[in-house]
Amino acid sequence: MSEPPQPGIPRVIEVDVVEDDGDWSSLPDAPDLIARAAAAVAQELGDSDGSGLVAVALSSDASVEVLNGQFRGKPKPTNVLSFPAGEGAPDDFIGDVILAAETVRREADEQGVPPEHHLQHLVVHGILHLFGFDHMSADEAEQMEAIEISILSRLGVANPYTGALETGTSG
């Protein structure tokens, strides 16, 4: 596995889940699923002592559309947005991850995967963005997807790119 673009991923990632907007009633265990996904990222990539905090907002398509337009120039909903902590933030604050309820549910339905699994995939994806991982080039995408697949396998979530559960064995 390649080294992360930015060293210093803590061995413990805590999450503060905030229900901001949208109907998340179909995922009542979202805070636990999110915490488990963050812990799996830290288990896989953690290379520094201490802990870090990620704020995760459970939001709606409408709210995410506004943020996506304001910060990325793309005024449309998307499944997940990540905002790394800026200057002046507490040292242990990693950043914000914002999820859009309607898009998360719709994509899970379209992909034929449990919404719990899709939620965890998006949390992993969002947290990786906070640490500088990206998918702008084919090489970056390949690296990020491989890391996501490995982390998700820790959670018992099938490879979101093939649908297969990675077991670490070839066959």
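Is E110 buried or exposed? E110 is exposed, with a relative accessible area of 58% (buried is under 20%, exposed over 50%, partly exposed in between, using a 1.4 Å probe and protein chains only). This is a predicted model, where local features need pLDDT of at least 70, side-chain atom pairs count only at pLDDT 80 or more, and totals for chains, interfaces and linings use all residues. Residues are numbered from 1 along each chain as its sequence is written, and side-chain values use heavy atoms, leaving out hydrogens and water.

**Salt bridges**

- The structure holds 3 salt bridges (a side-chain nitrogen of Lys or Arg within 4 Å of a carboxyl oxygen of Asp or Glu).
- E110 pairs with R106 at 3.3 Å, N to O, and R106 is partly exposed at 40% relative accessible area.
- R11 and D49 form a salt bridge at 3.5 Å, N to O.
- R11 sits in strand β1 and D49 in strand β2, so this pair ties together parts that are 38 residues apart in sequence (strands are DSSP runs of E, at least two residues; helices are runs of H or I, at least four; both are numbered from the N terminus).
- R154 meets E44 at 2.7 Å, N to O.
- The pair links helix α5, which holds R154, to helix α1, which holds E44, 110 residues apart.
- E44 is buried, with a relative accessible area of 15%, whereas R154 is partly exposed at 44%.
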